[in-house]
Amino acid sequence: MITTITLNPAVDKTCTLKELIPGAVNRMEDVKNIAGGKGINVTKILRQYDYPVRALGFLGGYNGRFIEDYLKSIGAECCFTYVNGETRCNTNVLSGDGSVTELLEPGPIVSKEELNDFLGKYEEALTDSEVIVISGSIPEGVPVTIYADLIRLAKEKGVKVCLDTSGEPLKEGIAANPFMIKPNKRELEALLNEKIETLAMLKDKASKLVRAGIDHVLVSMGNDGLLYANKKQVLFAKAPNVQAVNTVACGDSVVSSFVMSLIRGDDGEECLKKAVAISAANATTFDSAVIPKETAGQLYEVIEVQSI
Ligand SMILES: Nc1ncnc2c1ncn2[C@@H]1O[C@H](COP(=O)(O)OP(=O)(O)OP(=O)(O)O)[C@@H](O)[C@H]1O
Ligand SMILES: [Mg+2]
């Protein structure tokens, strides 16, 4: 079983219209709602490859039920904690002139009792999970040290944790030495408070994190590619040239692919190749966290891994 943790999920609503006029009645031509949040994306991708997944985190209200119904429909087990409040809905308004207006909701505030309920479900999930994937931001009411606590609890039970977050939660989480992290280059620079100018420098920074106790460090660089450092080697692969139409969840694709490689027992080179292929394939469709498998298979054949 793979357990995903999304403490701050969201419904992503995309609306299109000819022209958005502030202060006027605006009629949308098309509206699409999808279940979002990084851990939800990982759940979606792992289900596309038929891996057994259980999703944990906080949901609230109508939006929360929408996300749970969707996850159940794709065969994911749901053990969410329902909070007193409404899960965020993030609205993107796409206007005919090409402009995008984002309306972001604050999301619910989690109470102590709700946090304890989640922790109970988490401890239970640890009993049969091979891997825990923790992704995204932390909602109000939950301490910024939560990821470090979750990592320590998992380690006590011998369960591996993959962590994909940014800012303070990443800084705090790293202190507990997760099994794997996947910052993008920007997130790593913010963590180290330093600009990373070259691949050699990136290799040095990632290797230091490995030596500090994080077994697997993947640093993504958008369409520049992906670096992978572990105890044995540091590898790099350029991203293949694709017609990118939506790069949302490319990072989540890397995390999902890593988890699948971990379970299959792929070696480092294979692991990196698959992650680069799957994430590039994700960028070729308008839907986020939807992997066109045939494209991923074709891209896999052309990806070259170099040892650096
Ligand atoms: N335009 C692109 N073309 C091909 N591959 C891409 C492209 N954008 C991203 N990728 C692949 O996806 C990986 C992850 O992308 P990126 O570094 O943007 O992650 P991220 O910033 O964490 O994204 P997010 O958090 O939104 O999922 C990259 O390392 C690369 O392999
Ligand atoms: Mg990311």
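1. In what order do the strands of the open sheet of 4 strands stand? The order is 3-2-7-8, and the pairing is mixed. Strands (E, at least two residues) and helices (H or I, at least four) are DSSP runs numbered from the N terminus, and two strands pair if DSSP finds at least two bridges between them.

2. This is a predicted model, in which local features need pLDDT of at least 70 and side-chain atom pairs count only at pLDDT 80 or more, whereas totals for chains, interfaces and linings use all residues. Residues are numbered from 1 along each chain as its sequence is written, chains are lettered from A and ligands numbered from 1 in the order in which they are written, and side-chain values use heavy atoms, with hydrogens and water left out.

3. The edges of the sheet are strand 3 (30-36) and strand 8 (100-103); each has a single partner strand, so one side of each lacks a neighbour in the sheet. On average, neighbouring strands are turned by 20 degrees against each other, direction ignored. Axes here are lines fitted to C-alpha atoms, for helices over the stretch in contact, and angles run from 0 to 180 degrees between N-to-C directions.

4. Strand 2 (residues 10-17) pairs with strand 7 (residues 88-95) in the parallel sense over 8 bridges. Within this pair, Ala10 stands opposite Arg88 of strand 7. Helix 2 (residues 61-73) packs on the sheet and touches strand 2, strand 3 and strand 7, contact meaning heavy atoms within 4.5 Å. The direction of helix 2 makes about 75 degrees with that of strand 3.

5. The model has 0 disulfides, a disulfide being a pair of cysteine sulfur atoms within 2.5 Å. For Cys89, the nearest cysteine sulfur is that of Cys15, 8.0 Å away. Cys89 is buried at 6% relative accessibility, where buried means under 20% relative accessible area, exposed over 50% and partly exposed in between (1.4 Å probe, protein chains only). For Cys162, the nearest cysteine sulfur is that of Cys271, 9.7 Å away; Cys162 is buried as well, with a relative accessible area of 0%.

6. Helix 9 (residues 268-283) is mostly covered, with 14 of its 16 residues buried. Its end C-alpha atoms lie 23 Å apart, which agrees with the 22 Å that its 16 residues should span at 1.5 Å a residue; the expected span is 1.5 Å times one less than the number of residues.

7. The protein chain is assigned domain 1 (1-17 + 29-178) and domain 2 (183-308), with bounds from an automatic or database domain assignment. Their centres, taken over C-alpha atoms, are separated by 21 Å. In domain 1, 25 residues are in contact with 27 residues of domain 2.
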